[in-house]
Amino acid sequence: MTVKYLTDLNGKATDVQLSIRDYLQLLEGAGELPDHVKEGIKCGREQGRLGLTKSTDEVMQKYAKANVNS
């Protein structure tokens, strides 16, 4: 797969360009997640619905503390 990155005047990547063939292959494969991945997504959504999740900030604070202590 050949991917071209389009950039703005400051050199920051803003877009991606790929062939129609590669794009269609990506679309075709997008719906083909393994069952264990689908189950994990389903489980995560249910945990979120039940309020059993933590915010990104909470998780990052935990790991920031762990890095300070190591």
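How exposed is Q47, in terms of relative accessibility? At 36% relative accessibility, Q47 counts as partly exposed; the classes are buried (under 20% relative accessible area), exposed (over 50%) and partly exposed in between, with a 1.4 Å probe and protein chains only. This is a predicted model, in which local features need pLDDT of at least 70 and side-chain atom pairs count only at pLDDT 80 or more, while totals for chains, interfaces and linings use all residues. Residues are numbered from 1 along each chain as its sequence is written, and side-chain values use heavy atoms, with hydrogens and water left out.

**Helix α2 and what follows**

- Helix α2 covers residues 35–49, which is 15 residues; helices (H or I, at least four residues) and strands (E, at least two) are DSSP runs, numbered from the N terminus.
- From its first C-alpha to its last, helix α2 reaches 21 Å, close to the 21 Å expected at 1.5 Å a residue; the expected span is 1.5 Å times one less than the number of residues.
- Just after α2, G51 takes a positive phi of about 75°.
- Q47 lies in helix α2 and touches L52 and T53, not counting residues up to four places away in sequence; contact means heavy atoms within 4.5 Å.
- The C-alpha atoms of Q47 and Y5 are separated by 37 Å, and the two residues are 42 residues apart along the chain.

**The salt bridge**

- The count comes to one salt bridge, defined as a side-chain nitrogen of Lys or Arg within 4 Å of a carboxyl oxygen of Asp or Glu.
- E46 forms a salt bridge with R49, and their closest N and O atoms are 2.7 Å apart.
- Side chains of opposite charge can pair when their charged atoms come close.
- E46 and R49 are separated by about one helical turn, because they are three residues apart in helix α2.
- An α-helix has 3.6 residues a turn, so residues three or four places apart point the same way.
- E46 counts as partly exposed at 35% relative accessibility, whereas R49 is exposed, with a relative accessible area of 59%.

**D22, a buried charge**

- D22 lies in helix α1, which covers residues 20–30.
- D22 is buried yet has no salt bridge.
- The nearest side chain of opposite charge to D22 is R21, 6.3 Å away; Lys and Arg count as positive and Asp and Glu as negative, while His and the chain ends are not counted.
- Not counting residues up to four places away in sequence, D22 touches M1 and T2.
- R49 and D22 are 27 residues apart along the chain, and their C-alpha atoms are separated by 36 Å.

**The nonpolar surface patch**

- M1, V3, Y5, V16 and L26 make a nonpolar surface patch of about 520 Å².
- Patches are made of residues with over 30% relative accessible area and no salt bridge, with like charges joined within 9 Å and nonpolar side chains (Val, Leu, Ile, Met, Phe, Trp, Tyr) within 5 Å.
- Accessible areas come from the Shrake-Rupley method with a 1.4 Å probe; for residues, only the protein chains shown count as cover.
- M1 lies in the segment before β1 (3–7) and is exposed, with a relative accessible area of 62%.
- V3 lies in strand β1 and is partly exposed, with a relative accessible area of 30%.
- V3 touches V16 and Q17, not counting residues up to four places away in sequence.
- The C-alpha atoms of V3 and R21 are separated by 12 Å, and these residues are 18 residues apart along the chain.
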